[in-house]
Amino acid sequence: MNGAHDLGGTMGFGPVVPEAQDAPHYRGDWERRTMALTLACAMLGRWSIDESRHVREDRPPALYLTSPYYRIWFDALEALLVGHGIVGDDEVEAGRSLRSGEAGIGPVSPDRVTTALRRGAPADREPPGPAAFEVGQAVRARNVHPTGHTRLPRYVRGRVGVVEIVHGAHVLPDRNAHRLGEDPEWLYTVRFDGHELWGADSDPTTEVSVDAWESYLEPA
Amino acid sequence: MADTRHDHEPSELGPMDVRVRALESILVDKGYVEPAALDEIVEAYETRIGPHLGAQAVARAWTDPEFDARLTADATSALAEMDIGGRQSEHVVAVHNAAGVHNLVVCTLCSCYPWAVLGIPPAWYKSSAYRSRAVLEPRAVLAEFGTELPPETRIRVWDSTAEVRYLVVPRRPEGTDGWDAARLSTLVSRDSMVGVREANAPA
(Lines give C-alpha, C1' and ligand atoms only; values in the text may rest on other atoms or scores of the structure.)
Protein backbone atom coordinates (compact mmCIF):
# COMPACT_ATOMS: atom_id res chain seq x y z
CA MET A 1 0.00 0.00 0.00
CA ASN A 2 1.09 3.54 -0.67
CA GLY A 3 1.03 4.45 3.01
CA ALA A 4 2.69 7.15 5.04
CA HIS A 5 5.26 4.59 6.15
CA ASP A 6 6.86 4.60 2.69
CA LEU A 7 9.08 7.56 3.49
CA GLY A 8 12.04 7.29 1.10
CA GLY A 9 12.56 10.63 -0.63
CA THR A 10 9.86 12.52 1.29
CA MET A 11 10.88 16.03 2.34
CA GLY A 12 10.06 18.33 5.21
CA PHE A 13 10.93 16.35 8.32
CA GLY A 14 13.88 18.55 9.21
CA PRO A 15 17.36 17.48 10.20
CA VAL A 16 18.28 14.15 11.72
CA VAL A 17 18.93 14.62 15.43
CA PRO A 18 21.82 12.42 16.53
CA GLU A 19 21.94 11.38 20.15
CA ALA A 20 24.61 10.10 22.47
CA GLN A 21 25.39 6.50 21.66
CA ASP A 22 24.62 5.50 25.24
CA ALA A 23 21.33 7.41 25.34
CA PRO A 24 18.41 5.50 26.91
CA HIS A 25 16.44 3.38 24.48
CA TYR A 26 13.07 4.37 25.91
CA ARG A 27 11.41 7.67 26.78
CA GLY A 28 9.38 6.15 29.54
CA ASP A 29 8.57 2.83 31.14
CA TRP A 30 5.55 2.27 28.87
CA GLU A 31 7.88 2.22 25.85
CA ARG A 32 10.09 -0.39 27.49
CA ARG A 33 7.07 -2.56 28.36
CA THR A 34 5.59 -2.06 24.86
CA MET A 35 8.79 -3.33 23.30
CA ALA A 36 8.80 -6.38 25.57
CA LEU A 37 5.07 -7.07 25.13
CA THR A 38 5.36 -6.83 21.35
CA LEU A 39 8.20 -9.34 21.22
CA ALA A 40 6.58 -11.66 23.76
CA CYS A 41 3.25 -11.69 21.93
CA ALA A 42 5.02 -12.39 18.63
CA MET A 43 6.38 -15.49 20.41
CA LEU A 44 2.79 -16.73 20.76
CA GLY A 45 3.27 -17.64 17.11
CA ARG A 46 -0.12 -16.41 15.93
CA TRP A 47 1.09 -13.88 13.38
CA SER A 48 4.11 -13.25 11.18
CA ILE A 49 6.42 -10.26 11.11
CA ASP A 50 4.84 -9.37 7.76
CA GLU A 51 1.38 -9.20 9.28
CA SER A 52 2.58 -7.07 12.19
CA ARG A 53 4.35 -4.68 9.81
CA HIS A 54 1.19 -4.37 7.76
CA VAL A 55 -0.94 -3.60 10.79
CA ARG A 56 1.51 -0.83 11.75
CA GLU A 57 1.57 0.75 8.31
CA ASP A 58 -2.18 0.41 7.73
CA ARG A 59 -3.08 3.54 9.66
CA PRO A 60 -4.35 6.95 8.63
CA PRO A 61 -1.27 8.80 7.33
CA ALA A 62 -1.77 11.77 9.66
CA LEU A 63 -1.84 9.44 12.64
CA TYR A 64 1.14 7.40 11.49
CA LEU A 65 3.29 10.48 11.05
CA THR A 66 2.43 12.07 14.38
CA SER A 67 2.49 9.00 16.63
CA PRO A 68 5.54 8.19 18.74
CA TYR A 69 7.28 5.07 17.48
CA TYR A 70 6.24 2.79 20.31
CA ARG A 71 2.67 4.17 20.18
CA ILE A 72 2.46 2.70 16.68
CA TRP A 73 3.80 -0.59 18.05
CA PHE A 74 1.31 -0.61 20.91
CA ASP A 75 -1.74 0.19 18.82
CA ALA A 76 -0.71 -2.52 16.35
CA LEU A 77 -0.21 -5.03 19.14
CA GLU A 78 -3.65 -4.34 20.54
CA ALA A 79 -5.17 -4.68 17.07
CA LEU A 80 -3.36 -7.99 16.47
CA LEU A 81 -4.40 -9.44 19.82
CA VAL A 82 -8.04 -8.45 19.30
CA GLY A 83 -8.03 -9.43 15.63
CA HIS A 84 -6.75 -12.89 16.48
CA GLY A 85 -9.25 -13.34 19.29
CA ILE A 86 -6.58 -13.56 21.96
CA VAL A 87 -7.87 -10.55 23.87
CA GLY A 88 -11.45 -9.30 23.67
CA ASP A 89 -12.49 -5.80 22.65
CA ASP A 90 -14.44 -5.67 25.89
CA GLU A 91 -11.30 -6.54 27.84
CA VAL A 92 -9.31 -3.75 26.19
CA GLU A 93 -12.21 -1.42 26.98
CA ALA A 94 -12.40 -2.57 30.60
CA GLY A 95 -8.64 -2.55 31.03
CA ARG A 96 -8.71 -5.95 32.70
CA SER A 97 -9.22 -9.61 31.95
CA LEU A 98 -12.91 -10.62 31.84
CA ARG A 99 -12.48 -14.29 30.96
CA SER A 100 -9.91 -16.93 31.76
CA GLY A 101 -7.36 -17.77 29.11
CA GLU A 102 -7.74 -20.53 26.56
CA ALA A 103 -5.54 -23.59 26.67
CA GLY A 104 -2.90 -23.76 23.97
CA ILE A 105 -2.00 -20.07 23.89
CA GLY A 106 1.37 -19.49 25.47
CA PRO A 107 2.54 -19.16 28.10
CA VAL A 108 5.55 -17.21 26.95
CA SER A 109 8.12 -18.05 29.61
CA PRO A 110 11.68 -16.75 30.13
CA ASP A 111 13.05 -19.95 28.60
CA ARG A 112 10.90 -19.50 25.53
CA VAL A 113 12.20 -15.93 25.22
CA THR A 114 15.81 -17.05 25.32
CA THR A 115 15.20 -19.65 22.62
CA ALA A 116 13.16 -17.32 20.43
CA LEU A 117 15.70 -14.49 20.56
CA ARG A 118 18.49 -16.90 19.69
CA ARG A 119 16.69 -18.66 16.86
CA GLY A 120 14.84 -15.73 15.34
CA ALA A 121 12.57 -16.51 12.44
CA PRO A 122 14.62 -17.16 9.31
CA ALA A 123 12.76 -16.18 6.13
CA ASP A 124 14.70 -18.33 3.65
CA ARG A 125 12.86 -21.23 2.03
CA GLU A 126 13.33 -23.83 -0.70
CA PRO A 127 13.35 -22.03 -4.05
CA PRO A 128 10.20 -22.58 -6.12
CA GLY A 129 12.31 -22.99 -9.27
CA PRO A 130 15.34 -21.47 -10.96
CA ALA A 131 16.08 -17.78 -10.42
CA ALA A 132 14.90 -15.51 -13.23
CA PHE A 133 17.71 -12.98 -12.80
CA GLU A 134 21.45 -13.16 -12.22
CA VAL A 135 24.08 -10.91 -10.75
CA GLY A 136 24.93 -8.05 -13.10
CA GLN A 137 21.63 -8.20 -14.96
CA ALA A 138 19.67 -4.98 -15.53
CA VAL A 139 16.16 -5.10 -14.08
CA ARG A 140 13.31 -2.65 -13.74
CA ALA A 141 11.28 -2.38 -10.56
CA ARG A 142 7.69 -2.78 -11.66
CA ASN A 143 5.49 0.29 -11.64
CA VAL A 144 2.84 -1.24 -9.42
CA HIS A 145 0.67 0.16 -6.64
CA PRO A 146 -0.70 -2.78 -4.66
CA THR A 147 -3.41 -1.92 -2.15
CA GLY A 148 -2.12 -4.57 0.28
CA HIS A 149 1.27 -4.99 1.95
CA THR A 150 4.39 -4.72 -0.16
CA ARG A 151 8.07 -4.12 0.51
CA LEU A 152 8.75 -2.37 -2.78
CA PRO A 153 9.32 1.30 -1.92
CA ARG A 154 7.67 3.85 -4.19
CA TYR A 155 10.90 5.64 -4.95
CA VAL A 156 12.29 2.72 -7.00
CA ARG A 157 9.13 1.79 -8.90
CA GLY A 158 9.64 2.06 -12.65
CA ARG A 159 13.38 2.58 -12.19
CA VAL A 160 16.16 0.47 -13.69
CA GLY A 161 18.87 -1.05 -11.54
CA VAL A 162 21.37 -3.88 -11.55
CA VAL A 163 21.15 -7.15 -9.63
CA GLU A 164 23.95 -7.15 -7.11
CA ILE A 165 23.19 -10.12 -4.81
CA VAL A 166 20.98 -13.18 -5.25
CA HIS A 167 19.88 -14.21 -1.74
CA GLY A 168 17.95 -17.40 -2.45
CA ALA A 169 14.22 -17.71 -1.93
CA HIS A 170 12.50 -15.88 0.92
CA VAL A 171 8.94 -15.69 2.23
CA LEU A 172 6.94 -13.20 0.13
CA PRO A 173 5.61 -10.52 2.51
CA ASP A 174 2.93 -9.34 0.09
CA ARG A 175 0.97 -12.56 0.58
CA ASN A 176 2.19 -13.68 3.98
CA ALA A 177 1.08 -10.40 5.60
CA HIS A 178 -2.49 -11.23 4.61
CA ARG A 179 -2.28 -14.86 5.75
CA LEU A 180 -2.41 -16.10 2.16
CA GLY A 181 0.66 -18.31 2.48
CA GLU A 182 4.41 -17.85 2.41
CA ASP A 183 4.76 -18.29 -1.38
CA PRO A 184 8.56 -17.99 -1.30
CA GLU A 185 10.21 -16.16 -4.18
CA TRP A 186 13.79 -15.42 -5.15
CA LEU A 187 15.08 -12.33 -3.39
CA TYR A 188 17.61 -9.97 -4.95
CA THR A 189 19.56 -6.93 -3.87
CA VAL A 190 19.15 -4.42 -6.69
CA ARG A 191 21.42 -1.39 -6.93
CA PHE A 192 20.13 1.85 -8.42
CA ASP A 193 22.19 4.78 -9.54
CA GLY A 194 21.27 8.01 -7.74
CA HIS A 195 20.60 9.80 -11.04
CA GLU A 196 18.14 7.08 -12.06
CA LEU A 197 16.21 7.60 -8.83
CA TRP A 198 16.55 11.31 -8.18
CA GLY A 199 17.38 12.93 -11.51
CA ALA A 200 20.38 14.50 -13.16
CA ASP A 201 20.70 17.24 -10.55
CA SER A 202 21.23 14.76 -7.72
CA ASP A 203 24.54 13.82 -6.11
CA PRO A 204 26.40 11.69 -8.68
CA THR A 205 28.17 9.72 -5.95
CA THR A 206 24.99 8.19 -4.49
CA GLU A 207 23.88 4.60 -5.10
CA VAL A 208 20.91 3.01 -3.36
CA SER A 209 20.15 -0.70 -3.03
CA VAL A 210 16.87 -2.32 -2.08
CA ASP A 211 16.01 -5.96 -1.53
CA ALA A 212 13.36 -6.94 -4.05
CA TRP A 213 11.44 -10.15 -4.53
CA GLU A 214 11.31 -11.58 -8.04
CA SER A 215 7.72 -10.52 -8.70
CA TYR A 216 8.74 -6.91 -7.99
CA LEU A 217 11.08 -6.96 -10.99
CA GLU A 218 11.02 -7.32 -14.76
CA PRO A 219 13.89 -7.55 -17.27
CA ALA A 220 15.07 -4.08 -18.33
CA MET B 1 18.61 9.37 33.57
CA ALA B 2 18.97 12.07 30.95
CA ASP B 3 15.84 13.28 29.22
CA THR B 4 16.33 12.47 25.56
CA ARG B 5 12.92 13.52 24.34
CA HIS B 6 13.08 15.59 21.20
CA ASP B 7 10.84 18.60 20.92
CA HIS B 8 9.58 17.55 17.48
CA GLU B 9 8.52 14.10 18.61
CA PRO B 10 5.20 13.90 20.40
CA SER B 11 5.01 11.95 23.60
CA GLU B 12 1.99 10.82 25.59
CA LEU B 13 3.31 9.34 28.77
CA GLY B 14 0.35 9.35 31.16
CA PRO B 15 -2.43 7.68 29.17
CA MET B 16 0.00 5.26 27.55
CA ASP B 17 1.31 4.07 30.89
CA VAL B 18 -2.27 3.16 31.81
CA ARG B 19 -3.01 1.37 28.55
CA VAL B 20 0.23 -0.61 28.48
CA ARG B 21 -0.13 -1.73 32.08
CA ALA B 22 -3.72 -2.80 31.46
CA LEU B 23 -2.80 -4.87 28.42
CA GLU B 24 0.08 -6.49 30.27
CA SER B 25 -2.19 -7.45 33.15
CA ILE B 26 -4.79 -8.90 30.78
CA LEU B 27 -2.17 -11.10 29.10
CA VAL B 28 -0.67 -12.16 32.41
CA ASP B 29 -4.07 -12.88 34.00
CA LYS B 30 -5.01 -15.07 31.06
CA GLY B 31 -1.78 -17.00 31.47
CA TYR B 32 -0.48 -16.09 28.01
CA VAL B 33 2.64 -14.20 29.05
CA GLU B 34 4.73 -14.56 32.20
CA PRO B 35 5.94 -11.24 33.67
CA ALA B 36 9.40 -12.76 34.04
CA ALA B 37 9.46 -13.31 30.27
CA LEU B 38 8.92 -9.58 29.71
CA ASP B 39 11.70 -8.80 32.17
CA GLU B 40 13.93 -11.25 30.33
CA ILE B 41 13.34 -9.48 27.01
CA VAL B 42 14.14 -6.08 28.50
CA GLU B 43 17.17 -7.46 30.30
CA ALA B 44 18.53 -9.24 27.22
CA TYR B 45 18.70 -6.01 25.20
CA GLU B 46 19.98 -3.93 28.11
CA THR B 47 22.80 -6.23 29.12
CA ARG B 48 23.68 -9.01 26.68
CA ILE B 49 22.66 -7.90 23.20
CA GLY B 50 24.10 -4.62 21.99
CA PRO B 51 26.64 -2.93 19.76
CA HIS B 52 29.54 -4.43 21.68
CA LEU B 53 28.80 -7.64 19.76
CA GLY B 54 29.10 -5.99 16.37
CA ALA B 55 32.22 -4.17 17.54
CA GLN B 56 33.87 -7.48 18.46
CA ALA B 57 33.07 -8.87 15.01
CA VAL B 58 34.41 -5.80 13.22
CA ALA B 59 37.60 -5.78 15.28
CA ARG B 60 38.10 -9.44 14.52
CA ALA B 61 37.60 -8.74 10.82
CA TRP B 62 40.29 -6.06 11.04
CA THR B 63 42.78 -8.45 12.61
CA ASP B 64 41.90 -11.84 11.12
CA PRO B 65 41.84 -11.86 7.30
CA GLU B 66 40.38 -15.35 7.14
CA PHE B 67 37.49 -14.34 9.37
CA ASP B 68 37.04 -11.22 7.27
CA ALA B 69 36.82 -13.38 4.14
CA ARG B 70 34.16 -15.52 5.78
CA LEU B 71 32.30 -12.41 6.95
CA THR B 72 32.35 -11.10 3.41
CA ALA B 73 31.18 -14.38 1.89
CA ASP B 74 28.48 -15.24 4.44
CA ALA B 75 28.15 -12.86 7.36
CA THR B 76 25.35 -14.84 9.01
CA SER B 77 27.59 -17.91 9.38
CA ALA B 78 30.68 -15.92 10.31
CA LEU B 79 28.80 -14.10 13.09
CA ALA B 80 27.37 -17.40 14.31
CA GLU B 81 30.97 -18.54 14.94
CA MET B 82 31.06 -15.78 17.57
CA ASP B 83 27.62 -16.78 18.86
CA ILE B 84 26.09 -13.64 17.37
CA GLY B 85 22.75 -13.99 15.62
CA GLY B 86 19.06 -14.65 16.04
CA ARG B 87 16.02 -12.43 16.08
CA GLN B 88 16.18 -9.65 13.49
CA SER B 89 19.59 -10.80 12.30
CA GLU B 90 18.64 -14.09 10.64
CA HIS B 91 20.23 -13.06 7.34
CA VAL B 92 23.16 -10.65 7.57
CA VAL B 93 25.27 -9.08 4.84
CA ALA B 94 28.47 -7.25 5.81
CA VAL B 95 29.42 -4.27 3.65
CA HIS B 96 32.93 -2.90 3.92
CA ASN B 97 33.94 0.71 3.72
CA ALA B 98 37.10 1.26 1.70
CA ALA B 99 39.07 4.08 0.14
CA GLY B 100 36.49 5.92 -1.97
CA VAL B 101 33.47 3.86 -0.82
CA HIS B 102 31.26 4.55 2.20
CA ASN B 103 28.23 2.45 3.18
CA LEU B 104 25.10 3.64 4.97
CA VAL B 105 22.14 1.56 6.19
CA VAL B 106 18.51 2.64 6.47
CA CYS B 107 15.04 1.12 6.44
CA THR B 108 12.74 3.54 4.62
CA LEU B 109 9.62 1.41 5.18
CA CYS B 110 9.90 0.84 8.93
CA SER B 111 12.99 0.42 11.08
CA CYS B 112 14.64 -2.90 10.17
CA TYR B 113 17.95 -3.15 11.96
CA PRO B 114 20.36 -5.96 12.95
CA TRP B 115 19.11 -6.30 16.54
CA ALA B 116 21.22 -9.34 17.39
CA VAL B 117 24.38 -7.54 16.26
CA LEU B 118 23.75 -3.93 17.33
CA GLY B 119 20.91 -4.11 19.86
CA ILE B 120 17.90 -1.83 19.82
CA PRO B 121 17.94 0.83 17.09
CA PRO B 122 18.46 4.42 18.25
CA ALA B 123 15.63 6.95 18.00
CA TRP B 124 17.17 8.78 15.06
CA TYR B 125 17.33 5.56 13.01
CA LYS B 126 13.56 5.19 13.45
CA SER B 127 12.81 8.88 12.78
CA SER B 128 10.97 10.12 9.71
CA ALA B 129 13.85 12.51 9.00
CA TYR B 130 16.41 9.71 8.71
CA ARG B 131 14.17 7.27 6.88
CA SER B 132 13.11 9.85 4.29
CA ARG B 133 16.46 11.48 3.62
CA ALA B 134 19.10 8.76 3.87
CA VAL B 135 18.25 7.54 0.36
CA LEU B 136 17.76 11.00 -1.17
CA GLU B 137 20.60 13.02 0.29
CA PRO B 138 22.87 10.72 2.26
CA ARG B 139 25.76 13.18 2.17
CA ALA B 140 23.67 15.82 3.94
CA VAL B 141 22.52 13.28 6.53
CA LEU B 142 26.12 12.25 7.17
CA ALA B 143 27.05 15.90 7.67
CA GLU B 144 24.46 16.12 10.44
CA PHE B 145 26.48 13.47 12.26
CA GLY B 146 29.63 15.48 11.63
CA THR B 147 30.80 12.99 9.01
CA GLU B 148 32.38 14.78 6.07
CA LEU B 149 33.51 12.55 3.19
CA PRO B 150 35.65 13.56 0.23
CA PRO B 151 33.35 14.79 -2.57
CA GLU B 152 34.34 11.93 -4.87
CA THR B 153 33.64 9.20 -2.30
CA ARG B 154 30.88 6.89 -3.51
CA ILE B 155 28.06 6.56 -0.98
CA ARG B 156 26.33 3.20 -1.06
CA VAL B 157 22.99 3.28 0.72
CA TRP B 158 21.43 -0.06 1.71
CA ASP B 159 17.65 0.14 2.24
CA SER B 160 16.67 -2.90 4.33
CA THR B 161 13.39 -3.74 2.63
CA ALA B 162 13.50 -7.50 3.33
CA GLU B 163 14.73 -9.67 6.20
CA VAL B 164 18.36 -9.11 5.16
CA ARG B 165 20.18 -6.97 7.72
CA TYR B 166 23.24 -4.95 6.79
CA LEU B 167 26.32 -4.47 8.95
CA VAL B 168 28.80 -1.79 7.93
CA VAL B 169 32.44 -2.70 8.51
CA PRO B 170 34.10 0.69 8.94
CA ARG B 171 37.70 1.30 7.92
CA ARG B 172 40.32 0.52 10.52
CA PRO B 173 41.59 3.79 11.98
CA GLU B 174 45.16 4.81 11.35
CA GLY B 175 47.55 4.70 14.27
CA THR B 176 46.33 1.32 15.48
CA ASP B 177 49.14 -0.91 14.23
CA GLY B 178 49.80 -3.72 16.65
CA TRP B 179 46.49 -3.31 18.48
CA ASP B 180 44.71 -6.54 19.30
CA ALA B 181 41.04 -7.13 18.55
CA ALA B 182 39.88 -6.41 22.11
CA ARG B 183 41.52 -2.98 22.09
CA LEU B 184 40.38 -2.23 18.54
CA SER B 185 36.77 -3.03 19.41
CA THR B 186 36.70 0.01 21.70
CA LEU B 187 36.97 2.20 18.58
CA VAL B 188 34.01 0.61 16.80
CA SER B 189 30.92 2.62 17.68
CA ARG B 190 27.35 1.62 16.99
CA ASP B 191 26.98 4.58 14.64
CA SER B 192 30.00 3.47 12.61
CA MET B 193 28.35 0.08 12.02
CA VAL B 194 25.21 1.78 10.68
CA GLY B 195 27.48 3.97 8.58
CA VAL B 196 26.63 7.45 9.86
CA ARG B 197 30.11 7.86 11.30
CA GLU B 198 33.59 6.44 10.82
CA ALA B 199 35.24 4.34 13.49
CA ASN B 200 36.71 6.47 16.28
CA ALA B 201 40.32 7.55 16.03
CA PRO B 202 42.62 6.43 18.84
CA ALA B 203 42.70 8.96 21.66
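**Exercise 1.** Find the loop of chain B in which Cys112(B) is found, and decide whether Cys112(B) is buried or exposed.

*Solution.* Cys112(B) is found in the loop between S2 and H6 of chain B. Helices (H or I, at least four residues) and strands (E, at least two) are DSSP runs, numbered from the N terminus. The model is predicted: local features need pLDDT of at least 70 and side-chain atom pairs count only at pLDDT 80 or more, while totals for chains, interfaces and linings use all residues. Residues are numbered from 1 along each chain as its sequence is written, and chains are lettered from A and ligands numbered from 1 in the order in which they are written.

Next, count neighbours. A residue is buried if 20 or more other C-beta atoms, placed from the backbone, lie within 10 Å of its own, exposed if 12 or fewer, and partly exposed in between. Cys112(B) is buried because it has 25 C-beta neighbours inside 10 Å.

Last, list contacts, meaning pairs whose C-beta atoms, placed from the backbone, lie within 7 Å. Apart from neighbours within four places in sequence, Cys112(B) contacts Cys107(B), Ser160(B) and Arg165(B).

**Exercise 2.** Which residues of chain A does Cys110(B) touch?

*Solution.* Start with the position: Cys110(B) lies in the loop between strand S2 (101-106) and helix H6 (115-118) of chain B. Cys110(B) is buried, since 21 other C-beta atoms lie within 10 Å. When residues up to four places away in sequence are not counted, Cys110(B) touches His5(A), Arg53(A) and Arg56(A).

Then consult the record. An unreviewed UniProt entry lists Cys107(B), Cys110(B), Ser111(B) and Cys112(B) under "binding site". UniProt positions are given in the numbering used here, feature names are shortened, and annotations may be inferred rather than shown by experiment.

**Exercise 3.** Describe how H1(A) packs against H2(B).

*Solution.* Two packed helices are described by the angle between their axes and the distance between the axes. Axes are lines fitted to C-alpha atoms, for helices over the stretch in contact, and angles run from 0 to 180 degrees between N-to-C directions. Helix H1 (residues 29-42) of chain A and helix H2 (residues 35-48) of chain B have axes 9 Å apart, at an angle of about 110°. H1(A) and H2(B) are therefore roughly perpendicular, a label for angles of 65 to 115 degrees (under 35 is roughly parallel, over 145 roughly antiparallel, the rest oblique).

Now name the residues. Arg32(A), Arg33(A), Ala36(A), Leu37(A), Leu39(A) and Ala40(A) of H1(A) meet Ala37(B), Leu38(B), Ile41(B) and Val42(B) of H2(B). This contact of H1(A) with H2(B) has eight nonpolar, no polar and two charged residues. Ala, Val, Leu, Ile, Met, Phe, Trp, Tyr, Cys and Pro count as nonpolar, Asp, Glu, Lys and Arg as charged, and the others, Gly among them, as polar.

**Exercise 4.** How many residues does each chain give to the contact?

*Solution.* Chain A gives 82 residues and chain B gives 78 residues. H1(A) supplies the largest share of the side of chain A that touches chain B, 10 residues. By class, that side of chain A has 39 nonpolar, 23 polar and 20 charged residues.

**Exercise 5.** Summarise chain A: what are its secondary structure and its span?

*Solution.* Chain A has eight helices and six strands. Its C-alpha trace spans about 60 × 45 × 35 Å along the principal axes. Of the 220 residues in chain A, 40% are buried.

Key. Contact = placed C-beta atoms within 7 Å.
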